[in-house]
Amino acid sequence: MTVNLPQLRAFLAVVDTGGFSAAAAELGMSQSAVSHAVASLERELAAPLLVRATPARTTALGERVLPHARVALSAARSVEQIAAEATGVLTGIVRLAATPTVCQGMVPGLLRHWREDQPRITVRVFEGDSAEVTTWLADGTADAAVLIDPPPGPGIQLATDHYRALLPRDHPLAGEPSVDIRDLEDDQFLISPNGCEARIRTIHGLAGLRFNPTHRVRDLATLISMVQAGIGVTVLSEVSRSLIPPDLVLLPLEPRTARRLVLTGPPGRPWHPAVRALAESAAGHLARTA
């Protein structure tokens, strides 16, 4: 039996992107080359690893092979990066996971900085909710992540992200320097059920209010559009500010609360040298711009 890294890389790309076409774009290969690599792996193992559907999904055997394939590729990348570090030339691909709000509000600036400071390192972004991001970092799907309020450990704190009230510009409180959550009790409250919901519940609890949102919407753009339409108000974090259109205002909120945004590598395992280089680059950038 001969199983090689290109086969495993193609298999993982199909699993992670959900299809052969997307995997081909991710790997910079033709779709037929990806199909051939996966098929040859299945021939070596004498059993199918994937159900060819939309999206593609793993068979029972594929599910068992998946974590070992991730470990094998992670080890190979570590060997490559160690060699690159020894020669003083860091290259490679770093898969960075983050939540949608962080991806939209913070990651573009990081990518711009890294492109100038670490041009030989390619960063590919994976967007998911808080639970997905944490899982991807732990199981090797991602090499690095921006985590929200992680437990103590290694990492670079990128920001202390305060929560704000999002109101239409013609709202009676829009001209105030800050807003107390209690003053919004008569407004319809909108919520996106993601990692922020627990913190927004906490804000209501600190104010002695019952948390009872009128509408729940998954997509952040939908949430903002509903506030624009005057359907209600919501609470977002400061990192969302760049996404706010001019007919809305984002105001300091009482009771005050915030979250930590931390760039980190996988827990309990050595970081790839390229991940360390990106973290050190981000830390230096933050120190210069503070």
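**A walk through a predicted chain**

At 31% relative accessibility, Asp 149 counts as partly exposed. The label follows from two cut-offs, because buried means under 20% and exposed means over 50%, with partly exposed in between. Asp 149 sits in the loop between β5 and β6 (156-168). Its phi is positive, about 50 degrees, although Asp 149 is not a glycine. The model that holds this residue is a predicted one.

Now step back to the whole chain. The protein chain has ten helices and twelve strands. Its C-alpha trace spans about 70 × 45 × 30 Å along the principal axes. The chain has 290 residues, and 46% of them count as buried. Next, take the contacts between residues at least 6 apart in sequence. Of these, 71% join residues at least 24 apart.

Start the walk at helix α1. Two packed helices are described by the angle between their axes and the distance between the axes. Helix α1 covers residues 5-17, and helix α2 covers residues 20-27. They pack at an angle of about 120 degrees, and their axes are 8 Å apart. α1 and α2 are therefore oblique to each other. The crossing in which α1 passes α2 is right-handed. Which residues make the contact? On the α1 side they are Arg 9, Ala 10, Ala 13, Val 14 and Thr 17. On the α2 side they are Phe 20, Ala 22, Ala 23, Glu 26 and Leu 27. Seven residues of this contact are nonpolar, one is polar and two are charged.

Helix α1 has another partner, helix α3 (residues 31-45). The axes of α1 and α3 come within 8 Å and cross at roughly 110 degrees. Angles of 65 to 115 degrees count as roughly perpendicular, so α1 is roughly perpendicular to α3. This crossing is left-handed. From α1, the residues Pro 6, Gln 7, Leu 8, Ala 10, Phe 11 and Val 14 take part. They meet Val 34, Ala 37, Val 38, Ser 40, Leu 41 and Glu 44 of α3. Here the contact residues divide into nine nonpolar, two polar and one charged.

Move on past α3. Ala 46 lies in the loop between α3 and β1. Its phi is near 60 degrees, a positive value in a residue other than glycine. Is Ala 46 buried or exposed? Its relative accessible area is 69%, so Ala 46 is exposed.

The next stop is a peptide bond. Thr 54 and Pro 55 are joined by a cis peptide bond, with omega about 0 degrees. Pro 55 is in the loop between β1 (50-51) and β2 (57-58). A cis peptide bond also joins Glu 254 and Pro 255, with omega about -5 degrees. Pro 255 is in the loop between β11 (248-254) and β12.

Now look inside. The largest nonpolar core has 25 residues. Leu 96, Trp 114, Val 146 and Leu 263 have the most contacts inside it. Several elements each supply at least two residues, including β3 (92-98), α6 (107-117), β4 (121-127) and β12 (258-264). Which element gives the largest share of this core? It is α10, with six residues.

Set aside residues up to four places away in sequence. Leu 263 then touches, among others, Leu 96, Trp 114, Val 146, Ile 156, Trp 271 and Leu 278. A second, separate core has 21 residues, and Tyr 163, Leu 167, Ile 181 and Phe 211 are among them.

Thr 101 is in helix α5. Thr 101 counts as buried because its relative accessibility is 11%. Leaving aside neighbours within four places in sequence, Thr 101 contacts Met 106, Leu 220, Ser 237, Val 239, Ser 240 and Arg 259.

Ser 74 belongs to helix α4 (residues 60-87). Ser 74 is buried, with a relative accessible area of 17%. Ser 74 and His 285 are 211 residues apart along the chain, and their C-alpha atoms are separated by 28 Å.

Ser 225 lies in helix α9 (residues 220-228). Its relative accessibility is 40%, so Ser 225 counts as partly exposed. Ser 225 and Pro 177 are 48 residues apart in sequence. In space they are 23 Å apart, C-alpha to C-alpha.

Conventions: Residues numbered from 1 in each chain as written. Predicted model: local features only at pLDDT ≥ 70, side-chain atom pairs only at ≥ 80, totals over all residues. Heavy atoms only, no water. Axes fitted to C-alpha atoms, helices over the stretch in contact; angles between N-to-C directions. Helix = DSSP H or I, 4+ residues; strand = E, 2+ residues; numbered from the N terminus. Parallel < 35°, antiparallel > 145°, perpendicular 65-115°, else oblique. Left-handed = near helix turned anticlockwise from the far one by under 90°. Contact = heavy atoms within 4.5 Å. Nonpolar A, V, L, I, M, F, W, Y, C, P; charged D, E, K, R; others polar. Core = buried A, V, L, I, M, F, W, Y, C linked by side-chain atoms within 4.5 Å. Buried < 20%, exposed > 50% of the residue type's maximum accessible area, 1.4 Å probe, protein only.
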